[in-house]
Amino acid sequence: MALLDVRDLRTSFKTDDGIVQAVDGVSFSVDSGQTLGIVGESGCGKSVTSLTIMGLNNPRSATSSGQALFAGEDLLQASAHRLRELRGSKIAMIFQDPMTSLNPVKTIGWQLVEAVLLHHDISRKEARERALNALVEVGIPRPEKRIDDYPHQFSGGMRQRVMIAMALINDPALLIADEPTTALDVTTQAQILELMRMLQEEHGTAIIMITHDLGVIAEIADDVAVMYAGRIVEEAAVTELFNTPRHPYTWGLLGSLPRMDVETDHLVQVPGQPPSLLTPPPGCRFHPRCAFAMSVCHSKAPTLTTAPGSPTHLDACFLDEGAKTREAERLLAGMGARAS
Amino acid sequence: MSDELLVVENLQKHFPITQGIVFQREVAAVKAVDGVSFTVNRGETLGVVGESGCGKSTMARCIARLLDPTGGKIVFDGVDITRLSRAEMRPVRREMMMVFQDPYASLNARKRVGFIVGEPLEVHGIGTDAERKRRVQELLEIVGLNPEHYNRFPHEFSGGQRQRIGVARALAANPKLIICDEPVSALDVSVQAQILNLLRDLQREFGLTYLFIAHDLNVVRHISDRVMVMYLGKVAEVGDGRSLYDDPKHPYTGALLSAVPIPNPELGRRRRAIVLEGDVPNPINPPSACRFHPRCPRFVAGTCDVDEPQLRSFGGRHQAACHFPLERWPMTVEEIRRPAGSAVAP
Amino acid sequence: MKTDAQAKQLAGAGADGGSIVADGLPAAAVEIRARGYWEQVWRRFRQDRVAIAGGVFIVALVVAAFVGGPIAARVLGHGPNEIFANGLDVTTEQPVGPFTTISTAPFPTAPGTKGFADTFLVLGADGQLGRDMFLRILYGAQTSLEVAVLATLLSVSLGVFLGLLAGYFRGAVDTVISRLTEIAMAFPVLLFIIAVAATVGERLNKITFGFLAPGVFTLTVIFALFGWFYPARIIRGQVLSLREKEFIEAARMTGAGDWRIMRSHLLPHLVAPIIVYSTLIVASNIVAEAGLSFLGLGIQAPTASWGNLLSAGPTYYLTQPWLMVWPGLMILLTTLAFNLLGDGLRDAFDPRHTV
Amino acid sequence: AVAGTAGTAAPAKAQSSQVTRGGTLRVNVSDTDYEYLDPALAYDSIGWATLYTVNMQLLNYPDKPAKAGGNQLVPEAATGFPVVSKDGKTYTFTVRPGLKFSDGSPITAAAFARAIVRVCHPDQGSPAVAFASNIAGCTAFNEKKGNLTGVRANGQKLTVKLIQADPTFVAQVSMPFFAAVKPTMPINPKGVDVYPSGGPYRIVSREPGRSVVLERNKFYKGNRPANPDRIVITTNTDQNQSLLQVKAGQADYDLGGIPAVQNGPLSEEFGVNKGRYFVNPLVGTGYLALNTSRPTLSNAKARQAVNYAIDRPALLRTRGKFGGQRTDQILPPSLPGYVPADLYPIKGANPTKAKQIWSKGGEINFLHTTSAASVNYAQIAKFNLEQAGFKVNLKPQPFGVAIKTMGTKGNDIDIFAIGWIADYFDPFDFINVLLDGTNIQDTNNNNYAYFNNPKYNAAMKAAAKLTGEARYKAYGKLDVDIMKNAAPWAPVFNFTSRDFIGPRVENFIFQPVYGHAILNALAIKK
Amino acid sequence: MARYLVRRLLWAVFLFMAVTVVTYVIFFVTPSDPARLAAGQGASPAEVQRVAERLHLNDPLWKQYGLFLKQLVWQQSLGESFVNRQDVNDIVLRAAPVTASLVFGGAVFWLLISLPIGIISAVRPRSLIDRAAMVFVLVGVSAHPVWIGLIFAYFIGYKWGLTPITGYCDFINPAVGAECGGPVQWAYHMILPWLTFMILFAALYVRLIRANVMETMNEDYVRTARAKGAPEGRVMRSHILRNSLLPVITILGMDIGLALGGAIFTESIYSLPGLGRQILVSYENFDLPVILGITVFSTIAIIIFNLVVDVVYAWFDPRIRLT
Ligand SMILES: Nc1ncnc2c1ncn2[C@@H]1O[C@H](COP(=O)(O)OP(=O)(O)OP(=O)(O)O)[C@@H](O)[C@H]1O
Ligand SMILES: Nc1ncnc2c1ncn2[C@@H]1O[C@H](COP(=O)(O)OP(=O)(O)OP(=O)(O)O)[C@@H](O)[C@H]1O
Ligand SMILES: [Mg+2]
Ligand SMILES: [Mg+2]
């Protein structure tokens with residue numbers, strides 16, 4: 001059984017302008033020791049998905065349905081108290097912006113100790129001991145000194161390490177990382193990704209890695225879910241996704257990426273912008289931007305279906321099998337042809 | 001008319017840190033840009049990469065004279081603009097425009113698109129009102145917007161569209177040079193591709209010259225003819241895109257290249273050349289000699305921390321500032337850590 | 001067919017380099033029909049009934065004061081400054097209460113009072129001079145509103161100007177203005193007002209520009225002199241953060257000068273805080289005028305203002321509390337209305353406060 | 001002519017011997033504080049009201065209402081009135097033996113000599129020098145040019161030599177400035193607050209700006225009343241709140257007065273002079289000073305017209321009920337020499353008559369102070385004067401500024417609304433002090449009318465030299481004469497004191513000269 | 001830090017000079033007659049002249065100012081009152097504790113009420129509680145202090161007899177023979193003034209706290225705290241409040257500094273012998289030394305409190321370093 005099994009998750013927000021259906025029937029699962037990458041453009045519902053699982057949406061504007069089974073327990077039905085118990089101990093989360101995610105007026109030691117004490121009935125001293133160990137583990141130099149420093153005395157990369165230390169300090173079974181490296185330099189990103197990989201190997205933590213960078217996905221994920229406008233459009237093992245992408249949006253994503261290993265004159269251009277979730281287009285949500293849209297796409301929403309021959313590769317598109325393989329090959333060939 | 005549109009020599013920008021009770025003394029300086037020299041030829045794109053805080057934006061703003069350089073010389077289109085006054089700068093501003101990073105913050109939210117795009121024309125007194133309006137509509141069309149958008153406000157547009165407005169504004173007065181300071185780093189991949197394509201097309205159509213700053217090596221590679229790598233206010237390496245990416249000489253360039261995630265699972269996970277330790281040091285107190293030496297895997301004590309390496313040529317226009325340049329690329333971890341010819345100081 | 005052509009473009013990775021710009025984007029898909037900034041503000045504001053009520057009250061008050069006052073005087077047949085000997089009760093020599101009809105005779109005890117007409121005091125008399133409280137409240141509204149609004153206009157303009165300069169130029173200009181602010185804060189304001197009243201006050205009081213009540217100008221100037229630094233601080237803070245925004249740099253890049261940047265680029269962003277701040281400061285100016293009246297430094301007699309009506313009230317508060325209640329209540333309601341309006345505007349202007 | 005009788009003092013409830021001694025009397029002083037408690041310095045009504053209970057003087061006004069002789073000097077420390085030499089220049093007082101200060105030390109003539117020395121001493125800075133300037137050597141001493149030669153104390157005998165004969169000397173030397181102080185009392189320009197005194201009470205403490213505490217002087221053997229054990233005086237209270245306190249019994253009396261407009265309701269509720277609320281006349285006149293040096297009012301006819309034009313009852317009503325008694329004369333009725341005369345209308349304005357006398361009108365700058373009552377007062381005066389054809393510009397100024405403005409010769413004010421309360425009980429203090437044109441200087445004048453008529457100047461000087469009945473008669477005549485013919489003032493009213501005491505206290509006796517309740521007589525009810 | 005203090009001090013000296021010079025100039029521009037007031041109404045012109053000389057009132061402006069400075073620097077004396085010749089030092093030092101009682105006690109009161117209201121309003125914006133609280137508090141700020149004072153005194157003090165109507169009792173060392181004294185009586189007498197002060201300031205603070213809390217609630221680190229499993233109460237206490245109260249400290253310090261210069265209306269209504277009451281009396285008498293003394297005191301109070309604010313701020317917010 002998967003560690004986390006998300007089934008038909010839906011979340012909507014009440015706003016002044018109407019109802020925003022931010023997440024619209026998302027299903028995926030992740031096993032211990034595995035990394036699931038969720039990729040998609042800004043505003044497609046990646047963060048909301050993770051916040052919904054954590055129960056961190058503002059209850060006064062958000063409504064959710066579906067199931068998020070964590071070790072068999074539905075998080076959406078869990079009491080606030082139970083959720084608090086799980087948060088930070090069994091499920092941990094790190095956020096995009098390390099600059100603002102730490103409380104600026106408390107020492108990082110205080111914040112780490114808080115994380116421990118919230119879930120363990122141990123002395124402050126022991127908690128501090130653990131905090132120190134966690135800092136050592138994430139590779140903060142001279143942790144005994146730095147533990148009493150304030151967040152602003154750390155660089156972005158170091159803060160993200162602290163955030164990871166804080167997330168992992170209670171040895172959670174699941175770590176949700178919401179764009180943990182987006183705000184960082186490539187060199188620091190490489191360090192952080194390396195660190196996460198290492199820690200995952202050591203602790204066997206399951207990771208949900210949310211990002212909009214296909215490069216990061218390729219580096220770290222075992223499975224990938226591609227999201228578009230609140231829905232998953234394609235889901236596959238990482239190599240399969242990059243080798244045989246099946247959804248036009250995935251093609252667009254891959255093709256529009258400038259790559260230093262591939263020289264192109266023009267990038268593939270997905271025209272237009274991601275749709276507003278307030279009034280999403282009917283039918284397939286990608287159809288207004290899709291070069292292959294057919295009339296059925298305008299009216300009917302495709303469901304995730306498995307690819308022939310690959311039961312773990314799912315996609316939601318009405319294109320016929322032939323077109324899918326043909327176009328994917330063309331795309332890959334176009335990129336590969338120029339690979340130096 | 002020379003080939004060189006922009007010549008920058010030994011550009012320096014130090015932000016003073018002052019202290020004092022009655023009279024403020026300068027006690028230290030943030031050496032944001034500390035002796036950068038390069039040239040940009042007409043019609044070419046020079047890409048600039050480097051980690052955050054290495055002085056890319058500061059350099060760009062000095063060139064645009066939004067900041068006063070501390071030292072060095074900037075020659076634009078044959079004119080030394082380093083010390084021009086505000087008034088003297090005015091005509092130069094027509095020739096040199098800028099596209100900014102944040103498509104949200106770089107457009108005045110309280111002004112209509114027509115005003116924003118037409119402002120360079122208005123400021124420089126180009127054309128009549130009606131002509132200006134026509135020109136603005138034309139520009140909107142050029143950047144792929146609808147001329148009817150003339151009377152809209154920026155917030156009615158998406159990020160990509162806003163960046164198009166920014167580009168239109170930069171184009172308005174027919175400049176020769178456009179400085180792009182991370183113009184796509186705030187955009188989604190699909191939109192980023194649109195803007196990159198647009199910039200390329202415009203360059204072709206109008207013979208523009210770009211100084212293109214980014215920290216995404218993929219993007220820089222894609223758009224630039226030549227690429228300059230900066231580290232802590234200095235140039236580490238500069239060269240044609242292909243030779244620099246395929247055959248980096250400076251270990252820092254190597255480290256950057258190897259840190260870029262490649263959207264190819266097989267390739268990406270195999271390659272693991274240089275992972276740098278630590279962060280970019282504080283520019284108030286930059287390391288001595290080669291500024292990269294505390295993080296450099298090929299560091300040789302007694303040389304790198306004593307002697308400041310100068311840019312030297314590695315064939316063609318490829319230059320790097322390193323005592324122990326990389327021999328080949330990619331290389332193994334062992335090779336990296338054992339600089340060949342460590343005894344031979346150049 | 002169409003599918004094919006676009007597919008080529010999508011997959012072809014620019015093989016033909018077709019002008020992507022020229023064929024643009026499918027407009028229908030791209031256009032995000034967003035609302036105008038002011039439209040959004042108005043929409044949010046409209047939902048705030050309390051703030052609307054505040055606004056309506058203010059409009060009604062202005063009408064009542066500037067139009068209703070003269071009409072009421074005409075209907076009642078006497079003016080707000082007319083002294084009535086019979087406005088005082090004969091035995092207690094205290095002002096008569098609301099809804100009293102009195103004789104206009106000049107001597108309350110003199111024989112022959114019969115020959116004089118009667119007149120009606122809606123809210124009774126205002127104090128030892130027996131003037132019409134109702135009319136004085138109405139006319140006092142004119143004065144108080146004039147002082148409050150003009151002082152606000154002046155102090156906010158001054159504050160915005162100085163705050164803009166300080167925030168935009170920083171450095172020496174900022175230092176000078178900050179120091180001025182501190183001096184103004186530590187300034188012995190009351191002493192200054194007394195000095196003004198004793199020296200040039202009379203001349204200042206006479207400046208009415210043909211429409212102001214006497215003394216309004218003096219108070220306006222004084223309030224402006226000691227009120228500019230609050231808005232200046234707010235504006236300075238805003239400008240300090242605004243000037244770091246890229247659009248200012250962009251404007252400079254186009255060659256725009258400092259004044260152009262301040263006028264065309266910074267000022268429009270300051271409209272919201274200025275409006276919000278102004279509504280709030282109007283309220284406090286009304287109260288301040290009352291405060292000065294307590295010290296005998298407000299609007300000079302016989303001109304009515306809520307301040308001097310209120311300050312006359314406390315001596316009657318044991319026996320004729322309404323003399324304190326009417327002006328007090330008017331001040332309370334009006335400042336409340338301005339405060340509520342200001343709060344509503346603040347919420348409307350600040351999109352973060354949407355729920 | 002004095003109209004209205006309501007304000008005149010009815011005999012206070014017979015000063016019964018049944019009043020209790022003991023308890024603490026709580027007195028408020030609204031809106032002001034003592035300047036000094038030092039007898040050489042104190043020169044304000046609340047200071048004198050307090051020193052009255054604390055000090056012993058050679059001669060003093062007894063603790064009785066006016067009718068019972070409260071305004072007649074009687075010997076206190078002195079055995080009797082002084083023996084005056086033939087030339088009227090030497091006064092000899094005999095101090096009664098056996099008197100003691102509150103610290104037990106004896107009171108001898110030296111105590112009174114010391115008082116005069118302190119007043120005249122150059123380092124003491126006493127405002128009373130003016131009242132002692134006739135004592136030989138005082139002025140010279142004060143200006144450090146000589147010695148105070150005119151005062152000699154020998155045992156119980158005090159001899160005072162004057163420079164010239166002065167009929168008002170006895171009245172002046174009975175001012176609180178000259179009360180007995182210990183011969184060792186230091187010269188201190190800041191004033192001594194706590195010192196041994198000879199009266200029924202002694203000062204226990206003073207907290208400037210806040211409070212003064214008096215306690216019964218156990219060494220006092222005289223027969224003046226000393227009913228409360230202690231008197232706690234709180235200064236700088238708020239009049240309105242203070243009234244509430246007195247009503248509620250949280251305080252017993254407010255030396256700072258009651259809010260003007262509360263007099264009507266209070267008199268209705270408690271009756272006048274019936275135990276709680278009292279009205280008594282003061283020796284003072286409220287008037288409009290008519291600046292004779294200004295063009296508009298340089299003509300006596302114009303000044304008479306002003307006297308006809310003003311509506312005295314209406315003006316008076318701005319002071320609240322029982323605020324005073326209408327008058328058209330300079331001297332207050334309670335002062336010896338006063339002769340009632342019917343000069344101008346005091347029941348209301350007569351603008352017709354005013355215009356008849358003076359039809360030219362003219363522009364008038366009307367100076368008044370900024371207090372609420374003054375402002376109302378000026379409003380009415382303006383209305384009246386405009387009825388009579390004048391054009392009036394009101395000029396409100398704070399009190400301190402106004403007297404500076406008006407005291408400067410050549411100012412541009414035509415009418416100044418002001419009042420005067422006697423320092424000592426003699427017509428001189430009105431007529432000569434306020435209207436003698438020979439005293440006019442460049443600044444600091446109090447002849448606000450700038451009245452300078454040689455004929456009257458001479459008459460005033462002559463009257464000042466007279467004594468006894470002749471003196472009073474001369475002043476009475478002068479009063480009527482000046483007002484009728486020259487009219488440098490428009491007298492409006494004579495001040496009254498309106499007092500309200502709390503439910504806990506009784507035995508209110510009004511001191512007619514100093515104009516306050518006699519604190520030492522007030523008694524806490526059982 | 002030392003540098004910082006020195007700089008602040010230099011500025012304080014400058015500010016002090018500026019304010020006192022201005023006061024002197026204003027005083028001279030005003031045609032008042034302090035000598036006359038000091039000498040008494042009945043004094044003869046010659047006597048007034050003598051008083052003027054003794055008080056140096058006839059010297060030129062700069063000379064008088066010089067004397068004032070000299071006295072202040074060499075004798076640490078603010079001179080003596082024109083009116084009652086009291087040492088201004090004494091006057092100010094006697095009045096200051098009263099004003100301090102009012103201001104600090106009031107500050108405690110207004111914080112006690114505005115904190116909970118502000119927080120509740122922020123947590124439930126536009127709820128009934130939010131609205132009601134805001135209107136209630138706004139009513140307070142819209143009314144005039146004198147008005148509030150009179151109404152409180154009338155109802156609470158007089159009608160219901162719950163508190164003294166007016167008056168002040170010393171906290172410690174009551175004067176010999178004083179009616180009352182000691183902490184209990186002190187507090188009892190201060191209840192109404194505190195309440196009045198509370199009403200005057202509460203609205204501002206409720207608004208401030210509400211806005212700050214609302215802003216802080218959206219911060220990322222608050223979400224981090226929730227993600228750690230912290231219960232709501234703890235999130236509010238440890239993460240939101242501390243951060244959102246930072247700006248409140250600034251305003252609080254400024255307000256306290258300003259109010260220490262004298263709360264004229266409140267002190268007058270309740271007969272509190274504080275600086276505000278004193279300055280009113282002195283203004284009426286044109287008692288320059290006392291006016292100057294209080295002005296100097298309030299300037300110093302403002303400077304000190306701005307300093308305190310900075311230091312407290314730096315202590316609360318580790319990001320700030322004082323330079
Ligand atoms: N509290 C909220 N109220 C209303 N709408 C919301 C709220 N939170 C998120 N949304 C909307 O839900 C959609 C999905 O948001 P989400 O933050 O999940 O995107 P994302 O995929 O994480 O994007 P990014 O890459 O920018 O982080 C967006 O359109 C957003 O506007
Ligand atoms: N106005 C300023 N005053 C002081 N220091 C400054 C100023 N502007 C920039 N710096 C410092 O100069 C250095 C270079 O900054 P710059 O913005 O040029 O970097 P960058 O390469 O553009 O980084 P990024 O990729 O984050 O935009 C940084 O250390 C920065 O802190
Ligand atoms: Mg997100
Ligand atoms: Mg930058």
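Okay, housekeeping. The model is predicted, so local features need pLDDT of at least 70 and side-chain atom pairs count only at pLDDT 80 or more, while totals for chains, interfaces and linings use all residues. Residues are numbered from 1 along each chain as its sequence is written, chains are lettered from A and ligands numbered from 1 in the order in which they are written, and side-chain values use heavy atoms, with hydrogens and water left out.

Let's start with ligand 1. Which residues come nearest to ligand 1? Out of 13 around it, those are A:Ser42, A:Gly43, A:Ser47, A:Val48 and A:Glu179. Being near here takes a heavy atom of the residue within 4 Å of the molecule.

Now the polar contacts, meaning pairs of N or O atoms within 3.5 Å; within protein, one must be able to donate a hydrogen and the other to accept it, and residues adjacent in sequence count only if both atoms are side-chain atoms. The side chain of A:Ser42 puts an N or O atom 2.5 Å from an oxygen of ligand 1. A:Val48 uses a backbone N or O atom, 2.8 Å from a ligand 1 oxygen, and a polar backbone atom of A:Gly45 sits 3.1 Å from an oxygen of ligand 1. On its own ligand 1 exposes 630 Å², and the protein buries 65% of that. Those areas are Shrake-Rupley with a 1.4 Å probe, and for residues only the protein chains shown count as cover.

On secondary structure, helices are DSSP runs of H or I with at least four residues, strands are runs of E with at least two, and both are numbered from the N terminus. Strand 1 (4–15) and helix 1 (46–54) of chain A each give at least two residues to the shell around ligand 1, and helix 1 gives the most, with three residues. By class, that shell has five nonpolar, five polar and three charged residues. For the record, nonpolar is Ala, Val, Leu, Ile, Met, Phe, Trp, Tyr, Cys and Pro, charged is Asp, Glu, Lys and Arg, and the others, Gly among them, are polar.

Over to ligand 2. There are 13 residues around ligand 2 as well, and B:Ser52, B:Gly53, B:Lys56, B:Ser57 and B:Thr58 come nearest. B:Thr58 has a side-chain N or O atom 2.4 Å from a ligand 2 oxygen, for B:Ser57 a polar side-chain atom is at 2.5 Å from an oxygen of ligand 2, and B:Gly53 contributes a backbone N or O atom at 2.8 Å from a ligand 2 oxygen. Of the 630 Å² of accessible area that ligand 2 has on its own, the protein covers 63%. Strand 2 (25–41) and helix 1 (56–63) of chain B each supply at least two shell residues, with the largest share, three residues, from helix 1.

Next, salt bridges: a side-chain nitrogen of Lys or Arg within 4 Å of a carboxyl oxygen of Asp or Glu. How many are there over all chains? The structure holds 66. One of them pairs B:Glu119 with C:Arg260, closest N and O atoms 2.8 Å apart. B:Glu119 is in helix 3 (residues 113–123) of chain B and C:Arg260 in helix 13 (residues 258–294) of chain C, so this pair joins two chains. Both B:Glu119 and C:Arg260 are buried, where buried means under 20% relative accessible area, exposed over 50%, and partly exposed in between, using a 1.4 Å probe and protein chains only.

Inside chain B, B:Arg132 bridges to B:Asp129 at 2.7 Å. The two are three residues apart in helix 4 (residues 129–142), about one turn. B:Arg132 is buried at 15%, whereas B:Asp129 is exposed at 59%. In chain A, A:Asp8, A:Arg10, A:Asp24, A:Arg231 and A:Arg285 form a network of salt bridges.

Last stop, chain C. C:Val59, C:Val62, C:Val63, C:Phe66, C:Val67, C:Ile71 and C:Val75 make a nonpolar surface patch of about 620 Å². Patch residues have over 30% relative accessible area and no salt bridge; like charges are joined within 9 Å, nonpolar side chains (Val, Leu, Ile, Met, Phe, Trp, Tyr) within 5 Å. C:Ile71 is in helix 5 (residues 49–76) and, at 51% relative accessibility, counts as exposed.
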